[in-house]
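Dear colleague,

Please find below the structure that I am handing over to you. My notes on it follow.

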Amino acid sequence: MCLILCLCLLIPPEGLASNVADALVVAISLTKTSSVRPLEPNERDILSIYDLVYESVVTIDDNYLPQPLLCTYWEQSTNARTWTFHIREDVNFSDGTPLTARDVVATAEAILARAKDTTTVNKGFYSNLSYFVSSISASDQYTVVVRAERPYYGLLYAMTFPVLPADRVSADNPPGTGPYRIETFHPSEYIYLTANTQWWKNQPRVKSISFHVENVPSEVIRSYDTAKVDTAVTRSISASQYRSGTNAFAVDFRTRQLDCLLMNLSADRLKSKNLRKAIRYAIDVDKIAKNIYMGMVKRTDTPAIPGTWLYNDNATATLHKDVEEAKRLLALDDWEDSNQDGILDKVGSDGKLVSLNLNLYVYEEPENDVRIETANFIKSELAEIGINVNITTMTFTGIKEKLSAGAFNLALVSYEMDVCPDYGFMLIGGNTGNYGRYNSSQMTQLCKDLRTCTTMLEYKNKLFEIQDLFIEDCPLICFFYREGVVLTRLMYTTVRDVREYELFRGIESFRP
């Protein structure tokens with residue numbers, strides 16, 4: 001994990017857009033990808049291309065639940081320390097080579113070796129596999145045995161890495177078992193995919209997908225506007241204007257980027273739960289979502305993904321802007337505006353009058369000029385309840401230094417969330433992502449208990465307990481998961497959860 005659900009179809013009048021036929025042309029932004037290395041992706045959108053070519057042992061469905069893909073089923077030992085995956089016997093790679101358990105093991109071992117290599121700084125996109133898997137082996141040609149680091153349901157989410165042929169794990173452009181194969185790859189120019197005739201399911205109706213590579217993100221939308229392509233992929237806020245158009249489909253996709261307001265609980269004032277909750281009640285996050293981010297977000301009040309089995313709706317049902325409640329909470333901590341200057345104050349332990357001033361650090365993104373506007377909105381919202389906010393704009397590196405040193409009051413940040421729904425990295429005391437210095441023995445124990453849950457029901461119940469306490473303690477304020485848009489004149493999917501890294505999910509089975 002590091003710092004940093006919906007499908008919205010705007011159906012146009014008949015004749016202005018249509019369902020995809022046998023080909024799709026897509027504009028996409030890639031600036032770092034110079035070779036096809038599915039275990040070593042170095043930018044976001046290449047993963048969506050790899051997703052069409054390579055398959056995993058386990059996949060995640062529309063409800064964000066693990067489901068068998070290259071395995072037919074799995075089973076776990078009584079103590080859940082051993083997981084056995086039964087690999088399909090009817091699957092070939094695109095070159096005709098049969099898939100076996102040996103391929104799964106070799107791919108996993110390559111990921112684990114890199115993750116555990118102390119001489120390597122970049123541990124790889126799938127390095128979290130080492131957190132879940134102690135060892136992996138093949139007991140026969142179609143049986144994979146995983147020895148878990150801990151008895152943990154989350155291991156199933158870690159089994160979503162792309163499976164490669166055992167003898168070509170480190171090769172360039174290895175064959176995959178997915179619905180498409182990479183026919184032609186020209187860095188910085190185009191990537192041409194054709195249907196994999198060896199695919200173990202029904203042949204895709206869409207026989208070819210051409211990806212036109214743009215080096216500048218703004219050129220992606222330009223290519224779409226000038227009709228050079230059928231489809232364009234963008235995370236730019238400016239793309240929101242297309243969502244209400246009538247000449248294209250706009251498919252919203254959820255990213256893993258969770259935007260938050262961090263609060264430093266080691267700062268004397270923010271140790272108070274009342275103050276933290278007052279800040280939460282003062283900010284109209286729905287307005288930020290609608291007016292600043294132009295609706296290109298998925299609102300959430302906890303780190304869980306809304307609209308899935310993970311999200312505790314009951315815990316967040318009462319959360320909304322409530323100025324009077326915010327003022328009541330501040331009064332409980334004896335804050336008042338004694339000198340009528342519009343800023344709350346009270347007498348400190350040294351007998352001197354202290355005012356409620358907080359600093360807010362913010363860094364800006366290259367493509368979206370929204371964080372500064374959000375910071376100014378928060379400043380005005382908190383001024384309404386008597387909190388004065390001083391905004392400082394910094395570089396990403398600068399703000400990370402502030403967070404690591406604990407030298408801040410408030411900070412607008414994003415977390416890049418892992419595929420496994422586990423929030424301990426930001427909530428357990430002392431953990432690397434816990435920049436707010438939140439330290440609750442109860443929360444730490446809940447997060448540790450989560451990591452011993454071995455069934456979906458146990459896992460869900462524990463996640464709900466974590467979210468209940470999250471709302472009660474208010475260690476940070478979650479705003480939303482960011483969204484991007486796939487603009488297309490040709491509809492290619494009917495799946496409900498189009499998400500980052502799987503932007504063309506469902507194209508292989510699309511039938512109009």
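**Sheet, core and salt bridges**

Strands S6 and S7 are paired in the antiparallel sense over five bridges; strands count as paired if DSSP finds at least two bridges between them. Helices (H or I, at least four residues) and strands (E, at least two) are DSSP runs, numbered from the N terminus. Within this pairing, tyrosine 73 has histidine 86 in S7 as its bridge partner.

Please note that this is a predicted model, in which local features need a pLDDT of at least 70 and side-chain atom pairs count only at pLDDT 80 or more, while totals for chains, interfaces and linings use all residues. Residues are numbered from 1 along each chain as its sequence is written, and side-chain values use heavy atoms, with hydrogens and water left out.

The average pLDDT of the chain (the predictor's confidence in each residue, from 0 to 100) is 92, and 95% of the residues score at least 70. Over residues 1–15, however, the pLDDT is below 50; this stretch has 62 contacts in the model beyond near neighbours in sequence, a contact being heavy atoms within 4.5 Å.

The pair S6 and S7 belongs to an open sheet of four strands, in the order S6-S7-S9-S8, with antiparallel pairing. Strand S6 (71–76) and strand S8 (133–140) are at the edges with a single partner strand each, so one side of each has no neighbour in the sheet. On average, neighbouring strands of this sheet are turned by 20 degrees against each other, direction ignored. Helix H2 lies across S7, S8 and strand S9 (143–148), and runs at about 160 degrees to S8. Axes are lines fitted to C-alpha atoms, for helices over the stretch in contact, and angles run from 0 to 180 degrees between N-to-C directions.

The largest nonpolar core has 177 residues, and Phe85 and Ile279 are those with the most contacts inside it. Such a core is a set of buried Ala, Val, Leu, Ile, Met, Phe, Trp, Tyr and Cys residues joined through side-chain atoms within 4.5 Å. Buried means under 20% relative accessible area, exposed over 50%, and partly exposed in between (1.4 Å probe, protein chains only). Leaving aside neighbours within four places in sequence, the contacts of phenylalanine 85 include Tyr73, Trp74, Val144, Val146 and Met159.

The model contains 27 salt bridges, each a side-chain nitrogen of Lys or Arg within 4 Å of a carboxyl oxygen of Asp or Glu. Three of them are described here.

- Glutamate 500 and arginine 44 form a salt bridge, with the closest N and O atoms 2.8 Å apart. Glutamate 500 is in the segment after strand S22 (490–491) and arginine 44 in the loop between strand S3 (23–29) and helix H1 (46–53), so the pair ties together parts 456 residues apart in sequence. Glutamate 500 is buried at 5% relative accessibility, whereas arginine 44 is partly exposed at 26%.
- Arginine 168 and aspartate 95 form a salt bridge, with the closest N and O atoms 2.7 Å apart. Arginine 168 is partly exposed, at 23% relative accessible area, and aspartate 95 is partly exposed, at 40%.
- Glutamate 472 and lysine 273 meet in a salt bridge (3.4 Å, N to O). The pair links helix H14 (residues 456–473), which holds glutamate 472, to helix H6 (residues 273–282), which holds lysine 273, 199 residues apart.

With kind regards
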